[in-house]
Amino acid sequence: SFFLSSRSMLCGRLQANRVFSCNLSDVRRAAQRCFSYSPPAMIGVAIDLVDEPGALANVTAVLAKHNVSVSAIESRVNPLPPHEQLFHTHMIASWDDPSTTELISELKAHSTAVYKLPPASAPWFPRHVTDIDQFSRSTLDAGTDLESSHPGFSDQEYRKRRDSIVAHANSYSSGQKIPEVKYTEQDVQTWGTVYKKLSSLYPWYACQEHNDSWAELEKAGIYSPDRIPQLQEISEFLKSKTGFTLRPVTGLLSARDFLAALAFRVFFSTQYIRHHSAPMYTPEPDVCHELMGHVPMFANPDFAEFTQQIGLASLGASDEVVEKLATTYWFSAEFGLLWEKGEIRAYGAGVLSSYGELLHATSPTNSEIEIRPWDPFQAAYQKYPITTMQPVYYAASSLSDAKEKMKRFASQIERPFNVHYDHEHQVVLTDRSVIGRPVGLRWKAESSDQRVQL
């Protein structure tokens, strides 16, 4: 686990302009007709209205007459003299359809000019939950690649078990039952040691939302110090609570891939456990980190929405924006703190799953750290270490406060389209046609004025 609302309303992007209409239900219905998923055909036109009263009403009447499903209308100033207002209109239609030709002809009758708009261009992003299957096969490093400093480096039996776990994760696809792992007695003892140590601290140092979910997991018989839970049973529990699901991963993912999965309320989780010789230490995420730190928080609706919004904001974003979002994720979902009744409590998994970090971050007498008010606009630029305890933390007044501030941050992200997530069908919809270019491509087509007059 390398480790808001982005503009999650399909018709929300207008900057200083006004949204006049959209038809989200029609976009959703069109998407339902397109499985195995490909986005519905969409076109965009820029309309230079006739300068007369009721001109816009005449255009919308034409669209209604042709039963056009409009996903977005926004006003923009023509970059060319005399700099009149153009209405960019995006709709579900195809340029190859004869009815589109008829529509354009009628629009011309109520306008000075009609221009064909090019599709938006952005780094490729998944549109359907099954698209993220490829992420688990493109990890930055595998769970079998151990550094010589790793506690289990010289333990061949331990490495053999990890190899087996990683192999099962590599063959997993969306919708399948998550493979069960047969943990050894030594593995369970390691889990139990960490479980007992951390659970003894949670009442005093973990946030209430984490403790409430922890109690539910124990009551359901999923969590105990005597067995390591399987990802499948946890995934089913989370889905019933917030719609989040887990899926196994072979190793560390890129920030772009990891965040993109969150847009679908999917969390990539490791299944291997740290080496028994150092139960309170792990150089990489393991089941103790994932299940004790992350999972209880994903059962909370505010946190679930918070993390999904980060994921939605990352879709099709530039590398620079993805880096900023990953940094805000680090200082929130991984190392975030909350104020509760005047005291600091942890909600970030990196804190909750580490005995030392939990005491380090919440101690009222620790002068070696700086706790700042949660501000994603500032946190996005804050540097951080990855091999030592954190010197800087951000504390929100509540999870709801953290979520709302993240939404405001995401709303400022520049992107040439808006996204909406259809939970029922696990599809990401866009409000205009988008061409996904390879994420490794470091250039993009000119976008200043590619309109073609019709």
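# A guide to the predicted model

Visitor: Is lysine 341 buried or exposed?
Guide: In this predicted model, lysine 341 has a relative accessible area of 87%. A residue counts as exposed when this value is over 50%. Lysine 341 is therefore exposed.

Visitor: In which loop does lysine 341 lie?
Guide: Most residues other than glycine have a negative phi. Lysine 341, however, has a positive phi, near 55 degrees. Its place in the chain is the loop between strand S10 (337-340) and strand S11 (343-346).

Visitor: Which strands stand at the edges, each with a single partner strand?
Guide: S10 and S11 belong to an open sheet of 4 strands with mixed pairing, in the order S11-S10-S13-S12. Two of these strands have a single partner each, so one side of each is left without a neighbour in the sheet. The edge strands are S11 and strand S12 (370-373).

Visitor: What does the twist average from one strand to the next?
Guide: The value concerns the open sheet with the order S11-S10-S13-S12. From one strand to the next, its twist averages 40 degrees.

Visitor: What is the relative accessible area of glutamine 426?
Guide: Glutamine 426 also has a positive phi, about 55 degrees, although it is not a glycine. The residue lies in the loop between strand S14 (419-422) and strand S15 (427-430). Glutamine 426 is partly exposed, with a relative accessible area of 31%.

Visitor: In S3, which residue is the bridge partner of arginine 76?
Guide: S2 and strand S3 (residues 85-92) run antiparallel, with 8 bridges joining them. The partner of arginine 76 in S3 is leucine 86.

Visitor: In S17, which residue is the bridge partner of lysine 116?
Guide: S1 and S4 pair in the antiparallel sense over 5 bridges, and lysine 116 in S4 is the bridge partner of valine 45. S4 is also joined to S17, by 2 bridges and again in the antiparallel sense. In S17, the partner of lysine 116 is valine 452.

Visitor: How many Å apart are the end C-alpha atoms of helix H5 (residues 185-199)?
Guide: H5 has 15 residues, which at 1.5 Å a residue should span 21 Å. The distance in the model agrees with this expectation: the end C-alpha atoms lie apart by 21 Å.

Visitor: Which are the buried residues of H5?
Guide: What covers these residues includes helix H4 (156-170), helix H7 (208-219), helix H10 (287-298) and helix H14 (355-362). An α-helix has 3.6 residues a turn, so residues three or four places apart point the same way. The buried residues of H5 are Asp187, Thr190, Trp191, Gly192, Val194, Tyr195 and Leu198.

Visitor: Which residue, just after H8, takes a positive phi of about 85 degrees?
Guide: Helix H8 (residues 231-241) has buried residues, among them Leu231, Ile234 and Phe237. Their cover includes H7, strand S7 (245-248), strand S9 (266-269) and H10. Just after H8, the residue with phi of about 85 degrees is glycine 243.

Visitor: What is the mean pLDDT of the protein chain?
Guide: Of its residues, 87% reach 70 or more. Over residues 1-24, however, pLDDT stays under 50, and over residues 26-35 pLDDT also stays under 50. For the protein chain, the mean pLDDT is 86.

Visitor: What percentage of the 454 residues in the protein chain do buried residues make up?
Guide: A residue counts as buried when its relative accessible area is under 20%. The chain has 16 helices and 17 strands, and its accessible surface comes to about 20100 Å². Among its 454 residues, the buried share is 54%.

Note on methods
Residues numbered from 1 in each chain as written. Predicted model: local features only at pLDDT ≥ 70, side-chain atom pairs only at ≥ 80, totals over all residues. Heavy atoms only, no water. Pairing = 2+ DSSP bridges. pLDDT = per-residue confidence, 0-100. Contact = heavy atoms within 4.5 Å. Expected span 1.5 Å × (residues − 1). Buried < 20%, exposed > 50% of the residue type's maximum accessible area, 1.4 Å probe, protein only. Axes fitted to C-alpha atoms, helices over the stretch in contact; angles between N-to-C directions. Areas by Shrake-Rupley, 256 points an atom, 1.4 Å probe, with all protein chains shown as cover.
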